[in-house]
Amino acid sequence: MPVNMTTEDMLEQASPFLLNNTSRVPARLVRLPGFDKDWKAIPDDNGLYVNEFEQRVAIKRRCNGESLSETNDVHWAAYNAARVVILGFFSGLKQTDDQVPLSIMWQRKIQGILHEYQKEVQNFILRELEQMALVDTRMSVVGPLNPYQYPPLPLDSSAIRLVLLLPSPERHHDIICRLCSSTLDRSDSDKYEALSYVWGSRSKKKAITIDKKLFLATENLESALRNLRYRDKPRVLWVDSMCINQSDVVERNSQVQQMGRIYENAQNVIIWLGPESEDSNALMNLMCCQEMDTPFPQKHLSHGAHYALYTTYAEAFCNLLQRPWFKRAWCVQEFRLARCAFFQCGQVAVSRELFVHFYINFFGDASILKNITQACYKAAISLLDLRGSLSLLSTILERRELETIPSYPVLITLATYSRWEASDFRDKVFAFYSLIPDNDPDKIVLKPDYTLSGTQLYTKVAVHFLRKYRNLDILSLAAQPTSEEQLLPCWIPNWQGFLNRKRDYRYRSIAIYTLNDRIISFDDMYSASLGLIATPIDLSHGSQVLVLDGVCVDTIEAIGITDQGFESNLTQAVRIQPEIRIETNSEIMSQWKEIAGLPGESYYKYTGQSLREAFWRTILMDDSLDFREDRHYSRRRIPKDNFELHWCPRFPPSADEDLEARNAIYHEIAPMHGRRFFKTAKGLLGLAPTTARKGDFVVVLFGGKVPFIMRSYDGLYHLEGECYVHGIMDGEVIHQPRIEQFKDLKPKAERFHIA
């Protein structure tokens with residue numbers, strides 16, 4: 001009878017392959033729940049286990065169908081050893097130094113247990129750990145929602161199921177449906193509408209009937225069907241959770257791969273926002289009454305007697321944008337690929353064109369921002385949340401063709417849409433498969449495959465770009481600060497957390513051209529490794545440790561406080577939490593100048609510039625912050641001489657103008673925001689991520705456009721983030737034997753194991 005296994009049981013199951021195992025007594029087999037599904041115990045006089053009948057047995061893993069692995073006992077021991085690693089890791093978190101990153105702690109745990117086991121089993125332990133997927137311990141995996149038994153799909157590769165939603169004259173009547181098979185190739189004869197919606201909580205389910213059998217639908221889906229149901233005729237729909245057998249991984253893979261075609265071929269895409277609320281019906285009806293060729297009269301509504309009416313609609317629209325659909329990852333492709341789409345809230349539906357028209361007119365006039373702000377406060381919505389929702393909406397509305405993106409459409413798509421949410425980590429990749437053109441060679445990494453764990457998938461994406469392009473642009477994405485520490489290795493972008501960071505939108509990457517949280521391109525503004533390709537791009541310890549060559553330039557000797565933003569943006573935070581101590585701009589500037597050596601020193605030996613000029617170029621990351629006439633930001637290095645900047649007539653500013661010039665930057669784009677000014681032991685000046693500290697290494701990795709801040713943990717390195725170091729951004733460290741002023745640095749090539 002299967003029982004729950006304790007840690008002691010797992011240790012005993014793994015013990016036959018310990019290096020110091022001298023016992024000749026076979027271990028007692030303890031069957032875990034589900035043992036017979038994945039494993040088989042077979043009589044074997046040389047087996048390393050004894051079953052409940054005191055019979056000597058060997059354990060084999062079930063492979064495809066009834067076939068068994070060729071290796072006795074090793075897989076079972078490795079499986080249990082891997083479980084010990086995971087349980088030991090989480091149980092030891094509270095007793096461990098908080099300063100050690102989780103990914104480093106994880107690698108230490110793996111290395112420790114590998115050293116205890118025979119070589120025969122070590123590789124199997126690593127494979128089991130990959131399958132168990134550490135990142136997936138925080139993932140809500142989509143499992144079977146109900147006991148409904150699906151009939152198999154036809155063998156046609158374009159086969160799909162459709163839902164026939166039967167009519168009812170009364171809204172409160174039970175929901176009755178039928179499932180029928182169709183193919184996308186005959187969609188002209190089988191007209192259907194596709195539903196775009198949020199599944200909602202898996203714990204809140206309601207019973208509906210499909211083909212006279214019970215089907216448990218999520219509460220939000222049941223509400224959608226009830227509101228979409230016609231009174232007098234059937235309605236043909238495609239609904240993912242009903243039309244795809246979610247418990248059949250093979251079917252799920254094939255169906256998700258053709259979801260792009262499903263939404264493209266649909267007669268309509270119905271965007272279900274949820275049931276009506278107190279203020280939604282009036283707003284939706286107002287949208288329906290718009291005329292496309294006339295702007296929404298916001299200027300009139302924002303004055304005089306109409307002000308109350310205006311703020312009412314502003315509050316309602318703010319509330320509508322907070323609904324979950326506007327943050328769901330799958331909704332992006334469903335919206336973008338639809339030929340015809342309608343937003344529906346309760347019983348009221350608005351065409352996509354009218355909804356977009358209202359949005360553009362409502363938020364398109366800066367003069368009404370004050371009224372929007374007041375409406376936000378009234379609706380208890382923070383401006384940051386509203387700005388986030390508007391940013392998500394504007395991104396999904398922007399129909400920029402991916403073929404026109406100058407570099408890596410796949411990476412830019414993943415990063416741009418990473419702020420959308422998904423309960424399954426893997427869907428932060430798979431949800432965008434259909435948005436990428438078929439001729440893009442990188443599309444293959446997005447192909448849905450639910451046999452992969454989240455860790456395996458994120459690793460697969462990172463390794464693909466590392467090995468194919470032999471540069472470290474993927475590390476620049478991975479190095480962006482997130483709102484929480486991650487269990488993934490630091491060199492793998494966490495698409496679940498990337499850009500979900502607690503910071504002002506002005507934070508910018510160094511190697512990547514970004515604007516207001518939007519990635520524009522991977523440009524070549526910097527070339528710290530002088531165009532060298534990344535080497536050797538080896539992986540170790542179960543594909544979790546990345547091995548790269550590079551140059552350790554120097555160590556951080558002094559580092560300042562973090563630049564926290566424009567003072568006016570901080571006043572509200574202090575008012576809410578007066579106990580918080582936030583350094584003022586003048587304090588930050590004074591400390592940074594002191595670290596640089598101003599006003600005493602006058603010369604920066606690595607560039608031959610005055611120290612004042614070197615200081616200002618450093619905190620600007622040598623970016624001119626040039627704006628075109630249309631206010632579109634364009635990345636451009638500050639010229640070496642005979643120049644002026646539009647925000648600073650005389651560069652560098654004088655000592656009396658420092659604070660004024662710094663504040664002026666915050667009306668544009670702030671390169672130093674979210675970073676700390678530092679000075680190395682040998683006098684290099686730079687900007688580091690907020691997590692950097694004294695003693696960290698400044699490293700130029702081959703294949704990287706910018707240097708990185710790295711921290712050493714007993715032979716393993718943790719990537720803290722990108723950094724700007726004035727004087728080494730154009731390959732000077734690689735050329736250093738020929739540059740006189742760099743001879744004191746004496747950097748040497750090293751091999752880095754990055755966990």
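## Basis and overall make-up

The model is predicted, so local features need pLDDT of at least 70 and side-chain atom pairs count only at pLDDT 80 or more, while totals for chains, interfaces and linings use all residues. Residues are numbered from 1 along each chain as its sequence is written, and side-chain values use heavy atoms, with hydrogens and water left out.

The protein has 24 helices and 28 strands; these are DSSP runs numbered from the N terminus, helices being H or I of at least four residues and strands E of at least two. Of its 755 residues, 58% count as buried (under 20% relative accessible area, with exposed over 50% and partly exposed in between, using a 1.4 Å probe and protein chains only). Among contacts (heavy atoms within 4.5 Å) between residues at least 6 apart in sequence, 70% join residues at least 24 apart.

## The four-stranded sheet

An open sheet of 4 strands has the order β1-β3-β4-β2, with mixed pairing; two strands pair if DSSP finds at least two bridges between them. β1 (27-28) and β2 (39-43) each have a single partner strand, so one side of each is left without a neighbour in the sheet. β1 runs parallel to β3 (residues 49-50), joined by 2 bridges, and Ala 27 has Tyr 49 in β3 as its bridge partner.

β12 (residues 341-345) and β13 (residues 348-351) run antiparallel and are joined by 4 bridges; Phe 343 has Val 350 in β13 as its bridge partner. These two strands form a hairpin with 2 residues between them, and Gly 346 in the turn has a positive phi of about 65 degrees.

## Helices on the sheet

Among the buried residues are Leu 221, Glu 222, Arg 226 and Leu 228.

## The α22-α23 pair

The axes of α22 (residues 585-596) and α23 (residues 611-619) come within 11 Å and cross at roughly 125 degrees. That angle makes α22 oblique to α23 (under 35 degrees counts as roughly parallel, over 145 as roughly antiparallel, 65 to 115 as roughly perpendicular and the rest as oblique).

From α22, Met 589, Trp 592, Lys 593 and Ala 596 meet Leu 611, Arg 612, Phe 615, Trp 616 and Ile 619 of α23.

## Asp 440

Asp 440 lies in the loop between α18 (427-430) and α19 (454-469). Asp 440 counts as buried because its relative accessibility is 13%. Leaving aside neighbours within four places in sequence, Asp 440 is in contact with Pro 409 and Val 410. Val 410 is 30 residues away along the chain, and its C-alpha atom is separated from that of Asp 440 by 8.4 Å.

Definitions and conventions:
Axes are lines fitted to C-alpha atoms, for helices over the stretch in contact, and angles run from 0 to 180 degrees between N-to-C directions.
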